[in-house]
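Here's a quick look at how this chain is held together. Have the viewer open while you read.

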Amino acid sequence: MRTIFFVVGLGIYAGCGETDPQNEIEHIFMIEKQITFSPKTHALDNNDNFSPDGRFLCYDTRGTIYNENLANSKSIEKVEISSGKETVLWDPPSITGEEAAPGVAAVSYHPLENKVIFIHGPGLEEVDKRGYYSIRNRTAIEVDGEGKKTSVKVDMRDISKKETTPGAHRGGTHRHEYSRNGKRIGFTYDDFLVQDYDRTIGFMQPHAHAPEGYTHYFSVILKPAGKGKSKTGEIEKAYGDSWVDPGGTMRAFIGKVRAQNGIDYDNDLYVADIPADINITTSKSGTQDQYPEPPEVIALRRLTHGMDVTGIVRGSPDGSQIAFAARDEGGIDQLFITKAVGSDKQPVLVTSLGSPVSSIRWHPSGEWVFCITDGNLFVTYVGTRHKFGKTIKLSDDRLIRDQLVVSPDGNLLAYIVPVPTQDHSGVIVKDAAGNDFRQIFIMKLDWKRINSKLGND
């Protein structure tokens with residue numbers, strides 16, 4: 001049995017409570033704990049990886065075998081945080097190589113139930129008919145969170161008919177995200193039949209008229225303009241999306257939009273308003289030569305202009321605000337916040353860090369936002385007290401932290417770090433690319449110390 005050990009941030013004693021005069025950043029370094037040690041990749045992939053009770057984290061194993069292509073990700077697993085025990089939730093028969101199948105990856109927990117959802121390429125019995133894994137050849141399945149390997153098919157893929165089966169799609173859904181009430185699933189989408197359109201976003205929900213054998217009815221949220229064919233103000237690509245409100249009636253995303261000069265592109269923040277009582281069956285599933293279309297009642301709002309938004313945008317727990325990364329005047333990606341309701345609201349610059357921010361995540365209270373900069377963890381106050389924008393550094397070393405997630409109670413952070421890993425014989429082993437395996441670490445947050453930096457106001 002391996003010993004679970006703790007890693008202490010550099011300067012935890014000497015640096016604690018000190019201030020960086022240039023950026024007024026407090027240093028309160030927390031203790032980290034590595035919880036996975038097996039010689040495989042543990043990818044969190046910017047999803048919702050904590051179980052509803054906060055006891056487990058789910059992950060995929062991309063990059064362990066052959067290459068980083070999700071086609072060669074062989075299993076969906078979970079780890080118990082308290083013990084480090086790993087459990088395989090899904091490991092179907094597979095083919096390895098440049099052309100591989102099925103490919104299982106990008107897993108998220110349901111927010112209320114003990115089950116996970118993830119992308120799934122063609123099963124081996126389907127390869128002759130469907131081909132190998134690709135971004136245009138994948139669907140979603142749900143699997144129980146106990147390791148019993150009971151599965152449910154979520155969305156139907158149909159490319160066999162002149163007219164696509166209503167409620168089905170003809171390509172690949174990816175990075176499935178439950179709304180916080182669990183009633184809708186958002187995702188990115190790439191069409192197989194009509195490929196002169198770039199990536200877009202979609203949603204699905206349970207419906208009595210879902211295709212037979214599947215639980216959900218599919219719809220795109222927007223039909224983009226054709227590649228290279230957009231006019232000023234038209235969106236050619238939608239990505240970086242997430243739910244804003246708990247009920248899943250607002251989907252925020254980044255739109256690649258034709259700029260005012262008619263030549264260049266902007267990457268800006270949008271919100272799609274999806275009524276709670278929408279009739280999803282009014283969407284059009286498309287034909288062999290016609291792209292799917294959303295219900296007409298979905299409305300789009302543009303919230304920024306020319307800000308070069310990047311990463312994944314994130315709605316606050318109550319759905320009133322959106323946090324996102326965009327360039328400041330110096331060209332560095334910083335944390336911004338804007339109101340979710342209304343259009344073209346002026347975003348607020350929150351951080352002034354020396355390097356780009358990534359992995360933006362809200363605390364469940366809605367008063368703090370986490371991010372990663374130069375591999376280190378930061379938390380920034382965005383509540384109503386006068387120290388709005390107060391930024392606290394939680395680690396200070398050369399570890400390469402990535403793929404940050406926050407526990408349901410807001411007391412734990414989880415992320416991956418590439419570190420030397422031993423096999424069962426004690427030999428240091430590497431992943432398929434020859435790099436250190438990415439392992440999961442957690443950080444327990446001391447909120448008494450963090451909140452003390454706001455004073456008594």
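Lys40 and Glu77 are both buried. Their side chains meet in a salt bridge, at 3.1 Å from N to O. The pair links distant parts of the chain, with Lys40 in the loop between strand 4 and strand 5 (56–60) and Glu77 in strand 6. Bear in mind that this is a predicted model.

Another pair to click on is Glu32 and Arg401, whose closest N and O atoms are 2.5 Å apart in a salt bridge. This one connects strand 4 to the loop between strand 27 and strand 28, a separation of 369 residues.

## Other salt bridges

Across the whole structure, a search turns up 31 salt bridges. One of them joins Arg327 to Asp308, with 3.0 Å between the closest N and O atoms. Arg327 sits in strand 21 and Asp308 in the loop between strand 19 and strand 20, so the pair ties together parts 19 residues apart in sequence. Arg327 is partly exposed at 48% relative accessible area, and Asp308 is partly exposed at 27%.

There's also a salt-bridge network made of Arg175, Glu177, Asp241 and Arg251.

## Nonpolar cores

The largest nonpolar core has 22 residues, and Phe370, Leu394, Leu413, Leu445 and Ile450 are those with the most contacts inside it. Elements giving it two or more residues include strand 25, strand 29 and helix 2. A second, separate core of 16 residues includes Ile201 and Phe253.

Four strands pair antiparallel in the order 20-21-22-23. Strands 20 and 23 are at the edges with a single partner strand each, so one side of each has no neighbour in the sheet.

Note on methods
Residues are numbered from 1 along each chain as its sequence is written. This is a predicted model: local features need pLDDT of at least 70, side-chain atom pairs count only at pLDDT 80 or more; totals for chains, interfaces and linings use all residues. Side-chain values use heavy atoms; hydrogens and water are left out. A nonpolar core is a set of buried Ala, Val, Leu, Ile, Met, Phe, Trp, Tyr and Cys residues joined through side-chain atoms within 4.5 Å. Buried means under 20% relative accessible area, exposed over 50%, partly exposed in between (1.4 Å probe, protein chains only). Two strands pair if DSSP finds at least two bridges between them. A salt bridge is a side-chain nitrogen of Lys or Arg within 4 Å of a carboxyl oxygen of Asp or Glu.
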